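Morning, everyone. Please bring up the structure.

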Amino acid sequence: MPRCRWLSLLLLTIPLALVARKDSNKNETAVLRKLKPVNASNANVKQCLWFAMQEYNKESEDKYVFLVVKTLQAQLQVTNCLEYLIDVEIARSDCRKPFSPNEMCAIQENSKLKKKLSCSFLVGALPWNGEFTVMEKKCEDA
């Protein structure tokens with residue numbers, strides 16, 4: 001009976017070792033599955049995008065909160081975590097920082113304050129642990 005336990009533990013450990021394997025020549029995490037399109041309404045995509053926008057608004061020096069106007073595409077890559085590459089269009093809202101989650105915000109229509117950006121966020125996620133990290137962020141005027 002103890003031998004079966006050890007064998008089960010060994011069989012569970014092998015996939016984890018493969019997932020966490022790094023290429024020692026490149027010092028990069030191995031890609032187990034390359035970028036593939038995923039539906040933007042996927043719950044993990046929504047969580048990653050919510051997290052990325054929280055981080056974007058924290059780091060932004062703008063006095064107003066930016067909101068997602070449109071999700072252009074989402075892709076998933078599997079490495080030692082789930083990596084979501086999400087392309088979105090965001091715009092300045094009429095809500096000032098600090099932002100309250102209960103606050104209803106609308107996109108700025110005033111020509112002086114109107115601002116739209118196209119952004120790509122690469123978010124590393126272990127959603128079952130509630131762990132998210134913005135690995136890359138690139139935004140430019142839309």
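One definition before we start. Buried means under 20% relative accessible area, exposed means over 50%, and partly exposed is in between. Keep that in mind for C139: its relative accessibility is 30%, so C139 counts as partly exposed.

This is a predicted model. How many disulfides does a search of the whole structure find? The search gives 2. Counting bonded cysteines along the chain, the pattern is 1-2, 3-4.

Take C95 and C105. Their sulfurs sit 1.9 Å apart, joined in a disulfide. C95 is in strand β5, residues 82-96, while C105 is in the loop between β5 and β6. The two are 10 residues apart. The S-S torsion is about -110°, so this disulfide is left-handed. C95 has 2% relative accessibility and counts as buried. C105, at 22%, counts as partly exposed.

Now back to C139. Its disulfide partner is C119, with an S to S distance of 2.1 Å. C119 lies in strand β6 and C139 in strand β7, residues 131-141, so the pair ties together parts 20 residues apart in sequence. The torsion about this S-S bond is about 120°, so the disulfide is right-handed. C119 is at 3% relative accessibility and counts as buried.

C81 is in no disulfide. As for burial, C48 has 0% relative accessibility and counts as buried. C81, at 14%, counts as buried.

That's it from me.

Key
Residues are numbered from 1 along each chain as its sequence is written. This is a predicted model: local features need pLDDT of at least 70, side-chain atom pairs count only at pLDDT 80 or more; totals for chains, interfaces and linings use all residues. Side-chain values use heavy atoms; hydrogens and water are left out. A disulfide is a pair of cysteine sulfur atoms within 2.5 Å. Helices (H or I, at least four residues) and strands (E, at least two) are DSSP runs, numbered from the N terminus. Buried means under 20% relative accessible area, exposed over 50%, partly exposed in between (1.4 Å probe, protein chains only).
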